[in-house]
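Hello,

Here is the structure for your files. My notes on it follow below.

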Amino acid sequence: MSRIIGIDLGTTNSCAAVVEGLDQKVKLIPYKGGEYTIPSIYAVDDKGNELVGHEAKRQWQLNPKNTIYGSKRLMGKSYDPDTVRRIHDYFFYEVHEATGTDEVMVGIADKRLALPQVASKILQKIQGVASDYLQAPIDRAVVTVPAYFNDRQRQAVKEAGAIVGLNILRIINEPTAAALAFGVGRGMSTETIAIFDLGGGTFDMSIIEIRDRVFEVIATGGDIFLGGVDFDNRLIDWVLESFETHHPGVDLRSDPIAMQRIKDLAERSKIDLTQRKECAFNIPFITMTPDGLPLDIDLKLTREILEGRTADLVGRTIDTCRRVCADADIDPKSLDHVLLVGGMTRMPAVQAAVTGFFGQPPSKQVNPDEAVAIGAAMFAYSLEDDSNLRVQLLDVIPMAIGIANASGQLHEIFERNEAVPNLKRLTFTTSVNNQKDLQMRIYQGDDEHVASNNELLGEFTFSGIRLAEAGTVKVEVEFNLSQDGILSMSAHDKDTGAEMEKSVALGVRKYE
Ligand code: AMP
């Protein structure tokens with residue numbers, strides 16, 4: 001019989017879990033070598049072999065151009081030069097704009113792949129490992145995403161599953177999944193908790209009320225460009241600056257292999273500095289002088305330097321916490337528990353900032369690397385017909401969704417933190433004689449004023465409007481937000497009930 005698993009598809013690492021056995025215990029699914037997480041990395045080696053996870057990471061120093069890492073941040077994003085520049089400063093694979101859509105694609109081994117295709121390789125690996133472990137086919141999963149993912153990013157995840165025959169039954173938000181791991185079985189009392197989730201690529205913060213088996217998200221916020229890789233990048237900048245003071249004019253940025261070696265050690269040193277106050281930062285033979293002499297990196301890194309270089313990143317997480325608490329109308333010091341999720345929350349400066357803001361030390365009751373997959377597996381199990389676990393998730397959308405009006409402003413249909421699922425109706429009246437169709441651009445994002453500063457979800461055309469004088473036909477458009485936070489739309493003539501035909505240009509709406 002096929003099984004449903006829970007998958008935490010992370011920016012840097014992914015992890016899967018399942019509820020198993022007569023005692024219905026949640027178990028993490030182990031990979032070869034007994035580890036419970038695999039790096040979310042896909043590579044193609046010089047012989048054309050595809051590598052996923054640990055195998056891909058093992059060769060990334062030597063093959064940086066054909067190693068796709070951290071690409072979750074690009075999923076469902078429209079191509080924009082600013083994002084691409086941010087990626088290019090530290091990543092060495094190619095980033096392109098797709099032809100015909102505004103999607104981002106990555107270049108690898110002379111091919112171009114859409115981001116869902118890259119994610120599908122990781123999902124496929126997890127599917128294979130889980131299937132071997134459980135001795136059962138895996139064709140259904142609950143997959144978690146950052147709470148701050150918009151509609152397009154969520155659709156891209158569904159698409160990734162579809163590519164490898166994995167039906168993603170539900171997408172749930174990472175903090176909500178972690179709350180499940182914490183809250184199931186805690187009893188009847190009502191508790192309000194904060195989940196502070198700082199992972200490899202993204203940051204989320206949610207305030208969730210737990211009432212027995214009901215998990216209600218009160219407010220959420222985050223940033224999909226704030227995570228461990230940004231901390232690593234700050235260390236990389238420090239290394240490059242320090243190297244340049246010793247070797248003026250030697251530019252390591254243009255050497256992908258040297259940069260990859262620095263990146264690798266930067267991340268390892270950052271992790272080391274969680275336990276220690278200082279560490280050596282040595283890389284022999286990083287490059288050659290023009291006259292063929294080898295140069296080394298030989299530096300001393302301290303926790304103080306790391307903290308100094310990343311204080312603003314930590315500060316941004318706290319700014320978001322402040323905003324989410326204000327949205328929830330909750331005093332941060334009044335919360336019952338604060339949970340830390342994501343590997344970056346092990347950094348002492350992050351823990352100190354969280355403790356200071358919430359006025360209490362974070363709870364140690366969940367494992368920051370595993371809680372999301374465990375919660376996803378619990379929720380997956382609750383969807384099985386014969387399950388005796390019933391939980392209710394009441395989630396919200398992280399950013400407003402709206403229509404661009406004639407002056408380019410955003411007319412909000414759903415406000416941020418509005419509950420999902422949700423349905424809204426808007427009535428439009430024809431503005432010219434014999435108007436045949438109605439066009440609208442839908443955006444999602446934080447800019448309440450200028451629509452185009454937000455992510456374009458799609459340009460929709462509803463056609464087949466009854467021919468009549470201006471102002472006489474009323475078209476009612478339904479905006480339907482699914483439990484996954486994905487929007488679908490339909491429109492009909494309000495008087496005759498006739499359904500309009502819908503077509504979509506721009507945006508990525510394969511799951512309409
Ligand atoms: P996740 O997405 O939850 O797997 O988080 C991965 C991020 O956490 C990566 O950026 C890691 O470098 C970082 N990380 C893991 N362990 C530690 C640690 N002990 N101290 C600081 N950062 C860590």
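The notes cover the nonpolar cores and then the ligand site.

This is a predicted model, in which local features need pLDDT of at least 70, side-chain atom pairs count only at pLDDT 80 or more, and totals for chains, interfaces and linings use all residues. Residues are numbered from 1 along each chain as its sequence is written, and side-chain values use heavy atoms, without hydrogens and water.

Cores. A nonpolar core here is a set of buried Ala, Val, Leu, Ile, Met, Phe, Trp, Tyr and Cys residues joined through side-chain atoms within 4.5 Å, where buried means under 20% relative accessible area (1.4 Å probe, protein chains only). The largest has 106 residues, and Ile5, Ile7, Ile262, Phe281, Ile297 and Phe358 touch the most other members. Domain 1 (4-226 + 313-395) and domain 2 (228-308) both contribute residues, so this core lies between them; the domain bounds come from an automatic or database assignment. Another core, of 30 residues, lies apart from it and includes Val19, Phe182, Ala371 and Tyr381.

Ligand. There are 13 residues around the ligand (a heavy atom within 4 Å), and Gly200, Glu267, Lys270, Thr274 and Gly343 come nearest. Polar contacts are pairs of N or O atoms within 3.5 Å. A side-chain N or O atom of Thr274 is 2.6 Å from a ligand nitrogen atom. For ligand oxygen atoms, the distance is 3.3 Å to a polar side-chain atom of Thr12 and 3.2 Å to a side-chain N or O atom of Asn13. The ligand alone exposes 510 Å², of which the protein buries 87% (Shrake-Rupley method, 1.4 Å probe).

Regards

Definitions and conventions. Buried means under 20% relative accessible area, exposed over 50%, partly exposed in between (1.4 Å probe, protein chains only). A polar contact is a pair of N or O atoms within 3.5 Å; within protein, one must be able to donate a hydrogen and the other to accept it, and residues adjacent in sequence count only if both atoms are side-chain atoms.
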